[in-house]
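This briefing is intended for reading beside the sequence and the three-dimensional model. Please keep both in view while working through the points below.

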Amino acid sequence: ARCLFAALWTTLCLARGRASNVERRNMPEGLPIADRLYWVVDDNPVRKKRFTKVMKEHSGKQLIEVMQDQARGSTTLWLDRALQLTDLGEHMYHEMMAHVPLMTVPSPPRDVLVVGAGDGGVSLRVLEHPSVRRLVQVELDGAVVEAAKSFFPDIGKAYGDGRLELHIEDAIAWIKREAPNNPETFDAIIIDSTDEPLISLWSKEFYAAARRLLRSGGVLMQNIQSLDVPAQMDHMLKLQLAGGFQRVRPVMMSTVDYESPYVAFMSSDLTPACPGPADDALERYKALQPTWYTLAIHRGALAVPPGLVRRWPHFASDAMGCAADPVLDAGTTQASALVRGAAARPRG
């Protein structure tokens, strides 16, 4: 009986494999690599070893691994055994990290600072904006940059753009050193780093320096964590507010590479339009080449679920100095009022 079951199971798995192959053969030729995400690519569901290691190197700062995902037909990047990206899904994350802040600033961005993001995915999308004349990227580990160029050429090609100025050093120290000498230098700062920096630590002094580097109306965009780690949200919100950012808004992102929703913070003074894209965003959008990002997705990503407002009252629009949006804030107005009412009630 066990042998018969095994034979039937193997036949079923092979049939599934053949079906996957048929669907994959029908995929149009010449699609961008990101579009392959939307086609069936699991062409061998019985393969026991899912990942094949292509590269393994310790840079002296962290362990860098590149592996082929046999089940999904994709290339993956891991740092210290934590997944950073897949070539099939990176566009969902990187387009939001770059386009949301750059489409929010009041005027087309000219000077942008990218912190971390050694794979090149954020910088590639920043450089899609024709108004950008200078992109400064500060990445701690040059070995990540070289791995991106070798194994992820579709995003690593960003390093060939003459507008990109790459510094290999501790970005936190760089920002603290740069802010007093060159204040109001950037329209946007985008931080795409590991959850905790490898050398320096996030601090209110760091965020104060970052805010000093921003021009009026500029925004800071930083990856935070999936919603299953609320302590990280607490920690980063406290630091950014202490560093002088008056408005810290969560950006809810969907991605196949990490647990979703994944949360980033977009922080600023009270100058940028709130809560949506800039007035001329539609004209700017025409210059982009997105696979995922749209202005509708941008606005939707700024909608804050009522539960988050009850947990973090600062995320209510009125708490951030924003006029309530009748669409985006429809579900949070009651939650915000509930929190304020609970805070006003006497205890004991």
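Helices and strands are DSSP runs, numbered from the N terminus, with at least four residues (H or I) for a helix and at least two (E) for a strand. In this predicted model, the protein chain has twelve helices and eleven strands. Of its 348 residues, 51% count as buried. Among contacts in the protein chain with a separation of 6 or more, 68% are between residues 24 or more positions apart.

**Nonpolar cores**

- The largest nonpolar core has 48 residues, of which Val126 and Val251 touch the most other members.
- Helix 2 (residues 90-102) provides the largest share of this core, namely six residues.
- A separate core of 36 residues lies apart from it, and its members include Ala179, Tyr207, Leu237 and Phe245.
- Beyond its neighbours within four places in sequence, Val251 is in contact with Val100, Met221, Tyr262, Val263, Ala264, Met266, Ala301 and Leu302.

**The cavity**

- One cavity of 30 Å³ or more is found in a search of the whole structure.
- The largest cavity holds about 90 Å³ of space.
- Its lining is made up of Thr104, Val219, Arg247, Arg249, Met266, Ser267, Ser268, Pro272, Ala273, Cys274 and Pro275.
- Strand 10 (247-253) and strand 11 (262-268) each supply at least two residues of the lining of the largest cavity, and strand 11 gives the largest share, three residues.
- By class, the lining of the largest cavity comprises six nonpolar, three polar and two charged residues.

**The second largest pocket**

- The volume of the second largest pocket is about 420 Å³.
- It is lined by 18 residues, and the closest to its centre are Glu90, Leu124, Arg125, Asp154 and Lys157.
- Two or more lining residues of the second largest pocket come from each of helix 2, helix 3 (121-126) and helix 5 (153-156).
- Eight nonpolar, three polar and seven charged residues form the lining of the second largest pocket.

- Gln62 is located in the loop between strand 1 (51-58) and strand 2 (63-69).
- The relative accessibility of Gln62 is 4%, so this residue counts as buried, the cut-off being under 20%.
- The side chain of Gln62 makes a polar contact of 3.0 Å with the side chain of Asp141.

**Backbone geometry**

- Most residues other than glycine have a negative phi, and most peptide bonds are trans.
- Ser260 and Pro261 are joined by a cis peptide bond, with omega at about 5 degrees.
- Pro261 is placed in the loop between strand 10 and strand 11.
- Asp80 is not a glycine, yet has a positive phi of about 50 degrees.
- The position of Asp80 is the loop between strand 3 (74-79) and strand 4 (82-86), where Asp80 counts as partly exposed because its relative accessibility is 42%.
- Glu184, also not a glycine, has a positive phi of about 55 degrees.
- The loop that holds Glu184 runs between helix 6 (171-181) and strand 8 (186-192).
- With a relative accessible area of 53%, Glu184 is exposed, a class that requires a value over 50%.

- Pro153 belongs to helix 5 and is partly exposed, with a relative accessible area of 47%.
- Pro153 and Gly120 are separated by 33 residues in sequence, while their C-alpha atoms are 9.3 Å apart in space.
- Ala303 is situated in the loop between helix 10 (295-301) and helix 11 (306-311).
- At 25% relative accessibility, Ala303 counts as partly exposed.
- Ala303 and Ala330 are 27 residues apart in sequence, and the C-alpha to C-alpha distance between them is 9.3 Å.
- When residues up to four places away in sequence are not counted, Ala303 touches Met252 and Leu328.

Conventions
Residues numbered from 1 in each chain as written. Predicted model: local features only at pLDDT ≥ 70, side-chain atom pairs only at ≥ 80, totals over all residues. Heavy atoms only, no water. Core = buried A, V, L, I, M, F, W, Y, C linked by side-chain atoms within 4.5 Å. Buried < 20%, exposed > 50% of the residue type's maximum accessible area, 1.4 Å probe, protein only. Contact = heavy atoms within 4.5 Å. 1 Å grid on protein atoms, 1.4 Å probe; cavity = no way out; pocket = protein on both sides within 12 Å on 5 of 7 lines; lining within 4 Å. Points joined across faces, edges and corners; volume = space filled by probe spheres on them. Nonpolar A, V, L, I, M, F, W, Y, C, P; charged D, E, K, R; others polar. Polar contact = N/O pair within 3.5 Å; in protein donor to acceptor, adjacent residues only side chain to side chain.
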